[in-house]
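Before reading on, take a moment to look over the model and its sequence side by side.

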Amino acid sequence: MSDKAILLVEDNPDDALLTIEALEANRIGNKVVVARNGVEALDYLFCRGIYSERNAADLPVLVLLDLKLPKIDGLEVLRRIRADERTHVLPTVILTSSIEDEDRLKGYALGANSYVRKPVDFDDFVQAAGQLGLYWLVLNESPFGR
């Protein structure tokens, strides 16, 4: 198991579990930290609230970000990730069920590295998660080094 975490920002417990199972099915060994809303995601990234003791230098290797979130939506989370010097290059993939062109365009305009629609079929989802994992965790060179 890698010591670098994946931050999964997902408010739907079924979708979070499905994503974790899909990553595991593809032998992605990174720890997955689940944030259930936008505030919790930002608290994790910026070491606030219940995460105030977390080492700020220990950024996740990847953020998988849903858009439709309570408290602070995914696009605002992305905007704040890109606005902060510590996280502005953090690989962030929008993983959403949204089919709205406006969401996709706004996501890219705010600096998303990728925009992936969640497949409805579990087997398709497992395959998509495997491709995400292979690219972002194996092939991609992290801006923060290894």
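## Overall layout

Read along the sequence, this protein, seen here as a predicted model, follows the pattern β-α-β-α-β-α-β-α-β-α. Its radius of gyration is 14 Å, close to the 15 Å that the globule rule gives for 146 residues, so the protein is as compact as a globular protein of that length. The secondary structure comes to 5 helices and 5 strands, and the C-alpha atoms fill a box of roughly 35 × 35 × 25 Å, taken along the principal axes.

Of the 146 residues, 49% count as buried. When the contacts with a separation of 6 or more are considered, residues 24 or more positions apart account for 65% of them.

## Strands and crossovers

Strand β1 (6-9) and strand β2 (32-35) pair in the parallel sense, and 4 bridges join them. One of the residues in this pairing is Val9, whose bridge partner in β2 is Ala35. Together with helix α1 (13-25), these two strands make a right-handed β-α-β unit.

The unit made by β4, α4 and β5 is right-handed.

How many of the residues of α2 are buried? The helix is mostly covered, with 7 of its 8 residues buried, namely Gly38, Glu40, Ala41, Leu42, Asp43, Tyr44 and Leu45. What covers these buried residues includes the strands β1, β2 and β3 and the helix α3. The N-terminal end of α2 is capped by Asn37, which has a side-chain oxygen 3.0 Å from the backbone nitrogen of Val39.

The loop between α2 and β3 holds Cys47, which has a positive phi of about 55° although it is not a glycine. With a relative accessibility of 14%, Cys47 counts as buried. Arg54 lies in the loop between α2 and β3, and at 17% relative accessibility Arg54 counts as buried. The side chain of Arg54 reaches the backbone oxygen of Asp58 at 2.6 Å, and, leaving aside residues up to four places away in sequence, Arg54 touches Tyr44, Leu45, Cys47 and Leu59. Between Arg54 and Val77, which are 23 residues apart in sequence, the distance from C-alpha to C-alpha is 19 Å.

## Helix α3 and its buried face

Which residues of helix α3 (residues 74-83) are buried? They are Gly74, Leu75, Val77, Leu78, Ile81 and Arg82. Seen down the axis of α3, these buried residues fall within an arc of 155°, so they line one face of the helix. An α-helix has 3.6 residues a turn, so residues three or four places apart point the same way.

At the start of α3, a side-chain oxygen of Asp73 reaches to within 3.1 Å of the backbone nitrogen of Leu75.

Glu10 is found in the loop between β1 and α1. Is Glu10 buried or exposed? Its relative accessible area is 2%, and a residue counts as buried under 20%, so Glu10 is buried. The side chain of Glu10 makes a polar contact with the side chain of Lys118 (2.5 Å), and the side chain of Glu10 also reaches the backbone nitrogen of Asn12 at 3.0 Å. Not counting residues up to four places away in sequence, Glu10 touches Asp15, Ala16, Val34, Ala35, Arg36, Asp66, Leu69 and Lys118.

Arg27 is found in the loop between α1 and β2. With a relative accessible area of 76%, Arg27 is exposed. The phi of Arg27 is near 60°, which is a positive value in a residue other than glycine.

How values were computed: Residues are numbered from 1 along each chain as its sequence is written. This is a predicted model: local features need pLDDT of at least 70, side-chain atom pairs count only at pLDDT 80 or more; totals for chains, interfaces and linings use all residues. Side-chain values use heavy atoms; hydrogens and water are left out. Buried means under 20% relative accessible area, exposed over 50%, partly exposed in between (1.4 Å probe, protein chains only). The arc is that of the directions from the helix axis to the C-beta atoms. A polar contact is a pair of N or O atoms within 3.5 Å; within protein, one must be able to donate a hydrogen and the other to accept it, and residues adjacent in sequence count only if both atoms are side-chain atoms. A crossover is right-handed if, with the strands pointing away from the viewer, the path from the first strand over the helix to the second runs clockwise. The radius of gyration is taken over C-alpha atoms; the globule rule is 2.2 Å times the number of residues to the power 0.38. Contact means heavy atoms within 4.5 Å. Two strands pair if DSSP finds at least two bridges between them.
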